[in-house]
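Student: Could you walk me through the side-chain contacts in this one? I'd like to see how each call is reached.

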Amino acid sequence: MSLDLPSLALSVIGFGGILYGLSALGERRTAMPFGVWGPAAAGAGALLLFVVRQRSLQRADRALLDLRPLALRRFSVALVLAALMFLTLIVAGSVLLPLYLQTVLGSTSFAAGMALLPGGLMLGILGRPAGALYDRVGVGSVVVPGAIAIATALAVFTTFGNGTGLAAVIGVHVLFMTGVAFLMTPLITEALSALPEHLYSHGSAILNTLQQVAAGFGTAASVTVARTASELLHAL
């Protein structure tokens, strides 16, 4: 099957335009509003055209990204939950927490990296056991405790200040990453297991695209939030 170049171009313009709009908003490029909303609107329009083109091409199995997996409820629900999990991981765990460690607690970049290491190790260690537990008890019995762990960790994160001890940050981050581990493997497995064999590759591509888009959106949104919060604090 040949690569559909118009679909590729629309996907690049779509995701790139929205990401640029978010980053421009974070950098406060408000002298010319078109510099913020123009690219985002163009990106949204390109994504809409991308979806329309894929729906047309998938009738002949020529779509760059077949969207029929989205019509399956199990896949869509798992996909939405995975999207929220990826966004939370990027925003809280990969951007804002390291910034907090360095700018508020005054840690060096090396110390901040070492503080986040236990949580990263926990994610790697629990990935396989979480998958095995999913096989035994089902998705709900694994995902719900994981979501509670993430929500609890995020709630505690909001109480952190310049007097918070490093040990407390490490402990809450380990709890957060434990919750991520209990969501990541089960949700991906649940999503892909809902697909018929001929749509499996497209479902996997949708999930992989989701991870990359969530990473980009999460990073841009985090910078926007951090910059806005910093400006508000300086204005007080």
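Predicted model: local features only at pLDDT ≥ 70, side-chain atom pairs only at ≥ 80, totals over all residues.

Student: Is the pair of Tyr 100 and Phe 160 stacked or edge-to-face?

Tutor: Planes under 30 degrees apart count as stacked, and over 60 as edge-to-face. For Tyr 100 and Phe 160 there are 25° between the planes, so the pair is stacked.

Student: Where in the chain do Tyr 100 and Phe 160 sit, and how many residues apart are they?

Tutor: Tyr 100 is in helix H3 (residues 73-104). Phe 160 is in the loop between helix H5 (139-157) and helix H6 (166-193). The pair links distant parts of the chain, 60 residues apart.

Student: What about Phe 157 and Phe 176: what kind of pair are they?

Tutor: Phe 157 is in helix H5 and Phe 176 in helix H6, 19 residues apart. Their planes are at 55°, so this pair is tilted.

Student: Are Phe 157 and Phe 176 buried or exposed?

Tutor: The cut-off for buried is under 20% relative accessible area. Tyr 100 and Phe 160 are both buried. As for Phe 157 and Phe 176, they are also buried.

Student: On to charges. Which residue forms a salt bridge with Arg 74?

Tutor: The whole structure has two salt bridges. In the one with Arg 74, the closest N and O atoms are 3.0 Å apart. Arg 74 lies in helix H3 and its partner in helix H6, so the pair ties together parts that are 116 residues apart in sequence. That partner is Glu 190.

Student: Is Glu 190 buried or partly exposed?

Tutor: Arg 74 is at 42% relative accessibility and counts as partly exposed. Glu 190 has a relative accessible area of 13%, and buried means under 20%, so Glu 190 is buried.

Student: And what is the relative accessible area of Asp 66?

Tutor: Asp 66 forms a salt bridge with Arg 68, with the closest N and O atoms 2.5 Å apart. Arg 68 is partly exposed, at 31%. Asp 66 is buried, with a relative accessible area of 2%.

Definitions and conventions. Residues numbered from 1 in each chain as written. Heavy atoms only, no water. Phe/Tyr/Trp six-rings, centres within 6.5 Å; stacked < 30°, edge-to-face > 60°. Helix = DSSP H or I, 4+ residues; strand = E, 2+ residues; numbered from the N terminus. Buried < 20%, exposed > 50% of the residue type's maximum accessible area, 1.4 Å probe, protein only. Salt bridge = Lys/Arg side-chain N within 4 Å of Asp/Glu carboxyl O.
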